[in-house]
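Hello,

Here is the structure for you to look at.

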Amino acid sequence: VMEVDRFKRYEEDFLNSMKIISRGMRQLDAAAGNIDVVISSSVEIEGELSEAEGYLRAMDVEFRSISSNDKKYAQQKLTEYRDEYKETLQKYQTSKFNAEAQALKGGPNARTKLLNSNQRLDQSTLLLEQSRQALANTEKVGNTILTDLESQKETLMSASTKVKETRSFTAEAKQVLRSMGNRAVMHKICVVFTIIVLL
């Protein structure tokens, strides 16, 4: 159940990133040669593309742990989102190429700005990728620990149930022994009484 909840949370985050990307793409397409709009839109879109890819990977990790009942839904969604991501990435690359080509008509100043911006984007993307990888590893370890804790909880609950059952059996056994003891005492009294009568 926890894996499904985490999958749905990543799914929601992915869809939010895709909405932001769509908005950025509209801005990029409407840049009309404005180099600053091209740069700011590209920065926003590439950041969100990286985030969306991270959410896809996280969903894939959770998918592997999901029970067979929910696996079909998760598999279908994951395939659908991967296709959507690839298509969006291709559209962005085309839009960016066209927007940059139009902006470069603005002269040497626009070209310098664009080159500097692309260098910073490459560096930021690399740093983001490294951070995301570290986060994914940490999350994987966290998920393993959570799964272990869930397993231990089930074991403890099972042990607790067995302890309660044992207590119940012990109480019943005590009652039976007490009853047997009472009967033994009554039997002795009857024997003694019979002996007295016979005398």
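Start at the loop between H1 and H2, where Ala 32 lies. This is a predicted model, so please read every value below as computed. Ala 32 has a positive phi of about 50°, although it is not a glycine. Most residues other than glycine have a negative phi. Is Ala 32 buried or exposed? Ala 32 is exposed, because its relative accessible area is 62% and the cut-off for exposed is over 50%.

Now the overall layout. The chain has 4 helices and 0 strands. Along the sequence the pattern reads α-α-α-α. The chain has 199 residues, and 26% of them count as buried. Take the contacts in the chain with a separation of 6 or more: residues 24 or more positions apart account for 77% of these.

Next, the helix pairs. Two packed helices are described by the angle between their axes and the distance between the axes.

H1 and H2: the two helices pack at an angle of about 160°. Their axes are 8 Å apart. H1 is therefore roughly antiparallel to H2, as the angle is over 145°. The crossing is left-handed. The contact of H1 with H2 has 18 nonpolar, 6 polar and 9 charged residues.

H2 and H3: H2 covers residues 35–65 and H3 covers residues 68–103. Their axes come within 10 Å and cross at roughly 165°. That makes H2 roughly antiparallel to H3. H2 passes H3 in a left-handed crossing. In this contact, 16 residues are nonpolar, 3 are polar and 8 are charged.

H1 and H3: how are these two helices oriented, parallel or antiparallel? They pack at an angle of about 20°, with axes 11 Å apart. H1 is therefore roughly parallel to H3, since the angle is under 35°. H1 passes H3 in a left-handed crossing. The contact of H1 with H3 divides into 14 nonpolar, 2 polar and 8 charged residues.

Then the core. In soluble globular proteins, nonpolar side chains tend to be buried together. Here the largest nonpolar core has 28 residues. Which residues have the most contacts inside it? They are Phe 14, Ile 21, Ile 45, Leu 56 and Met 59. H1 (2–29), H2 and H3 each supply at least two residues of this core. The largest share, 11 residues, comes from H2.

Have a look at Ile 45 in particular. Ile 45 touches Ile 21, Gly 24, Met 25, Leu 28 and Tyr 92, leaving aside residues up to four places away in sequence. Ile 21 and Ile 45 are both among the core residues with the most contacts, and the two touch each other.

Lys 8 lies in helix H1. Lys 8 is partly exposed, with a relative accessible area of 43%. How far apart are Lys 8 and Glu 62, in sequence and in space? They are 54 residues apart in sequence and 9.6 Å apart in space, C-alpha to C-alpha.

Best wishes

Definitions and conventions: Residues numbered from 1 in each chain as written. Predicted model: local features only at pLDDT ≥ 70, side-chain atom pairs only at ≥ 80, totals over all residues. Heavy atoms only, no water. Axes fitted to C-alpha atoms, helices over the stretch in contact; angles between N-to-C directions. Parallel < 35°, antiparallel > 145°, perpendicular 65-115°, else oblique. Left-handed = near helix turned anticlockwise from the far one by under 90°. Nonpolar A, V, L, I, M, F, W, Y, C, P; charged D, E, K, R; others polar. Core = buried A, V, L, I, M, F, W, Y, C linked by side-chain atoms within 4.5 Å. Buried < 20%, exposed > 50% of the residue type's maximum accessible area, 1.4 Å probe, protein only. Contact = heavy atoms within 4.5 Å.
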